[in-house]
Amino acid sequence: MTHGRWGVGDATRPGTHWVEFRPEGLYQHEPDSGGRLVPWSRIMNGIRITWGKHSGDTNNRGLYTLKGMVATRDGGWLHMTLRHPYEDHQLRFDQHARSYRAVDALRLESLLRQLTAEGTLPLLGDPEWVGRAAAALAGGKNRWITGRSLRQATTEALAAAGPGSP
C-alpha cells in the first residue's frame, strides 16, 4: 500500500511501472505517460502473473530460492484477456527493492482468478477490503504450494476480508 492505494509493483520510486487498484479498474502507471485504465468490466478469464523484463516470456513463473523468494529483479506482468473488443493484454510492474515470496505471488494470482470467476473484481478498488484480504493472504501458513492449498488460502482470505462495496 502506498499513499492509501493498493497495487502491484514499486510505486515508491519515480520512473517505475506499477499497477494500481482503483474503484473503476486497474490503472497502469508508467514513466513519461499519463497512464491507462483497464475497467473491471473488460477483464475476463482471470489474471495471470509472469516474471521478467519482456511480456512475451509468458512461461516465466519466476526463479525461486530455497527460501521461496522470487529471485528475478526485472519485475513482471499481469496478463489478462479483455472483452469488447476481445484481446490479450498485459500490464507491466517493476519489482520492489525486496524480493516477493513465491507463495505470496501465487496466492495473489489465485485471489485475482477467484474474484474474476465470481465477478467481484471491483472489490480490489476498496482499499480497506484489499487490506483485510492482503493481511489474510500474507498471514496464511506457508504450506506446500498446490492448487488445493492456494484455493484454501484464497477462500480463507475472502472470508477474512468479508463483504465489500464493489
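Visitor: Where is the place of aspartate 32?

Guide: Aspartate 32 sits in the loop between strand S3 (25–29) and S4. Strands are DSSP runs of E, at least two residues, and helices are runs of H or I, at least four residues, numbered from the N terminus. Before we go on: this is a predicted model, in which local features need pLDDT of at least 70 and side-chain atom pairs count only at pLDDT 80 or more, while totals for chains, interfaces and linings use all residues. Residues are numbered from 1 along each chain as its sequence is written, and side-chain values use heavy atoms, with hydrogens and water left out.

Visitor: Is aspartate 32 buried or exposed?

Guide: The scale is relative accessible area: buried is under 20%, exposed is over 50%, and partly exposed is in between (1.4 Å probe, protein chains only). Aspartate 32 has 87% relative accessibility, so it counts as exposed.

Visitor: And what is phi of aspartate 32?

Guide: Start with the background: most residues other than glycine have a negative phi, and most peptide bonds are trans. Aspartate 32 has phi near 55°, a positive value in a residue that is not glycine. Histidine 84 also has a positive phi, about 60°, without being a glycine. You'll find histidine 84 in the loop between S6 and S7, and it is exposed because its relative accessibility is 61%.

Visitor: What is the peptide bond from histidine 84 to proline 85 like, cis or trans?

Guide: That bond is cis, with omega near -5°. Proline 85 lies in the loop between S6 and S7.

Visitor: Zooming out, how many helices and strands does the protein chain have?

Guide: Three helices and seven strands. Reading from the N terminus, the order is β-β-β-β-β-β-β-α-α-α. Of the 166 residues in the protein chain, 42% are buried.

Visitor: Which residues have the most contacts inside the largest nonpolar core?

Guide: The general idea is that nonpolar side chains in soluble globular proteins tend to be buried together. A nonpolar core is a set of buried Ala, Val, Leu, Ile, Met, Phe, Trp, Tyr and Cys residues joined through side-chain atoms within 4.5 Å. Here the largest one has 31 residues, and Leu26, Ile43, Met80, Leu124 and Trp129 have the most contacts inside it. Among the elements that each supply at least two residues of this core are strand S5 (43–51), strand S6 (76–82), helix H1 (102–118), helix H2 (127–139) and H3. Have a look at tryptophan 129: leaving out neighbours within four places in sequence, its contacts (heavy atoms within 4.5 Å) include Leu111, Leu115, Leu158 and Pro163.

Visitor: At what angle do the axes of H1 and H3 cross?

Guide: Axes are lines fitted to C-alpha atoms, for helices over the stretch in contact, with angles running from 0 to 180 degrees between N-to-C directions. Under 35 degrees counts as roughly parallel, over 145 as roughly antiparallel, 65 to 115 as roughly perpendicular, and the rest as oblique. The H1 and H3 axes come within 9 Å and cross at roughly 65°, so the two helices are roughly perpendicular to each other. Residues making the contact include Leu106 and Ser110 of H1 and Ala153 and Thr154 of H3. Alanine 153, in helix H3 (residues 147–161), is buried at 5% relative accessible area.

Visitor: How many salt bridges does a search of the whole structure find?

Guide: Side chains of opposite charge can pair when their charged atoms come close. The test for a salt bridge is a side-chain nitrogen of Lys or Arg within 4 Å of a carboxyl oxygen of Asp or Glu. The search turns up seven. One joins glutamate 87 and arginine 42, at 2.9 Å from N to O. That pair links distant parts of the chain, with glutamate 87 in strand S7 and arginine 42 in the loop between strand S4 (36–39) and S5, 45 residues apart. Another joins glutamate 30 and arginine 36 at 3.6 Å, N to O. Glutamate 24 bridges to arginine 22, with closest N and O atoms 3.9 Å apart, and Arg5, Glu20, Arg22 and Glu24 are linked in a network of salt bridges.

Visitor: What does threonine 81 touch, not counting residues up to four places away in sequence?

Guide: Arg42, Ile43, Met44, Asn45, Glu87 and Asp88.
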